[in-house]
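Let us go through a structure feature by feature. Each question below takes up one feature, and each reply pairs the general idea with a case.

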Amino acid sequence: MAQLGTIRKRLSKELNEMNDIIESSLHTRNELMNRVVTSYLKTKGKQIRPVMVILSARFFGEVNEDVLHAGAALEMLHNASLIHDDIVDETHVRRGEPTVNHVWGNHIAVLVGDFFVSNALAAGIRTGHLSIISALSALGCELSLGEVDQICNARDHHFDEESYFNMIRKKTASLFMNCVKMGAEAVDTPESEYLPMIRYAELLGLCFQIKDDIFDYFSDERIGKPTGNDLREGKVTLPLLYALNNGPENEAEERERMKDLIRRGDLSNDEIATLIDFAKRGGGIDYAFDVMRGMQKEAEEILSVYPDDRDKESFRDIFEFIISRDN
């Protein structure tokens, strides 16, 4: 957390102003909504995405009110997706606190998530940039399609990396890509100048999800979900995908047995432990880290064409943080 903590401290003024925008945007005359929102906003998380918006603006220009509203819009849309995800996944705890659906029920949680979406769009409109409003709209579609793709991959038992990467590109990387785009657009940067950084953000977002998926193979209460939770939901992620599709010929029969387990579903704790052990023995964890380091190398090549400054170093530090973080 050291790299990100240092960056957030340096951007504290901008982040505080952005959070003020979020709080004022979400304040209503409805007492119940205010209680739910206030409770939810007590834990803000790492706020990596608005940090990326602000860094992008600084990278290409100077932070202004449009940047702060763009960051607020992204953060509210992201939080809306988390609230809705918690309903679908029946999650009871997030960031160490009870989820909205657990405390208030699904009915209220759906409405609160929708309320966040509406206010995200309103914040985007306040930037006055049609490209930012359009990006928010497209992003909402991408996030939804990514979640549906994940359900389809689990239901249809896709064991190929292409389906996995297509899904996490929509579900996770699209948010990071739009952080860079919206930050740059808010300071009137020509597309030709910021386009390479969109690819950088895509690589960063892919690594973010891969690392999140790796956490599922290890027990650590800081992560906030039980080991093998993805497998309980039928989600087969990169470490296990690699082990299922690679290895010596004499292990082909074992790989098929593992696939049959997944296809059957309703896995017991012992079966989940077997699949996790299989992924580890098959080199899946090492492979996932190799993939992330390869993406980091490509991202470094993208950064190398831009002038050296503090914000460029911050982009570099965030990438290392994403890979090396422990929660």
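Q: How are H10 and H16 oriented to each other, roughly parallel or roughly antiparallel?

A: H10 and H16 are roughly parallel to each other. The word follows from the angle: under 35 degrees counts as roughly parallel, over 145 as roughly antiparallel, 65 to 115 as roughly perpendicular, and the rest as oblique. Here helix H10 (residues 191–215) packs against helix H16 (residues 310–324) at about 20°, and their axes are 8 Å apart. The axes are lines fitted to C-alpha atoms, for helices over the stretch in contact, and the angles run from 0 to 180 degrees between N-to-C directions.

Q: What kind of model is this, and how are the residues numbered?

A: This is a predicted model, in which local features need pLDDT of at least 70 and side-chain atom pairs count only at pLDDT 80 or more, whereas totals for chains, interfaces and linings use all residues. Residues are numbered from 1 along each chain as its sequence is written, and side-chain values use heavy atoms, with hydrogens and water left out. Helices (H or I, at least four residues) and strands (E, at least two) are DSSP runs, numbered from the N terminus.

Q: Which hand does the crossing of H10 and H16 have, and which residues make the contact?

A: A crossing is left-handed if the near helix is turned anticlockwise from the far one by less than a right angle, and right-handed if clockwise. The crossing of H10 and H16 is left-handed. Contact means heavy atoms within 4.5 Å. On the H10 side it involves Met197, Tyr200, Leu203, Leu204, Cys207, Phe208 and Lys211, and on the H16 side Phe315, Arg316, Ile318, Phe319, Ile322, Ile323 and Ser324. By class, these comprise 11 nonpolar, one polar and two charged residues. In this scheme Ala, Val, Leu, Ile, Met, Phe, Trp, Tyr, Cys and Pro are nonpolar, Asp, Glu, Lys and Arg are charged, and the others, Gly among them, are polar.

Q: How many residues of H10 are buried, and how far does H10 reach?

A: Buried means under 20% relative accessible area, exposed over 50%, and partly exposed in between (1.4 Å probe, protein chains only). H10 is mostly covered, with 18 of its 25 residues buried. From its first C-alpha to its last, H10 reaches 36 Å, close to the 36 Å expected at 1.5 Å a residue; the expected span is 1.5 Å times one less than the number of residues.

Q: How do H5 and H7 pack against each other?

A: Helix H5 (residues 65–89) meets helix H7 (residues 106–126) at an angle of about 160°, with the axes 8 Å apart. H5 and H7 are therefore roughly antiparallel. The crossing of H5 with H7 is left-handed, and the residues of their contact divide into 13 nonpolar, seven polar and three charged.

Q: How are H13 and H14 placed, and which residues form their contact?

A: H13 and helix H14 (residues 269–281) pack at about 140°, with axes 11 Å apart. That angle makes H13 oblique to H14. Their crossing is left-handed. Glu254, Arg255, Met258, Leu261, Ile262 and Arg264 of H13 make the contact with Glu271, Thr274, Leu275, Phe278 and Arg281 of H14. Five of these contact residues are nonpolar, one is polar and five are charged.
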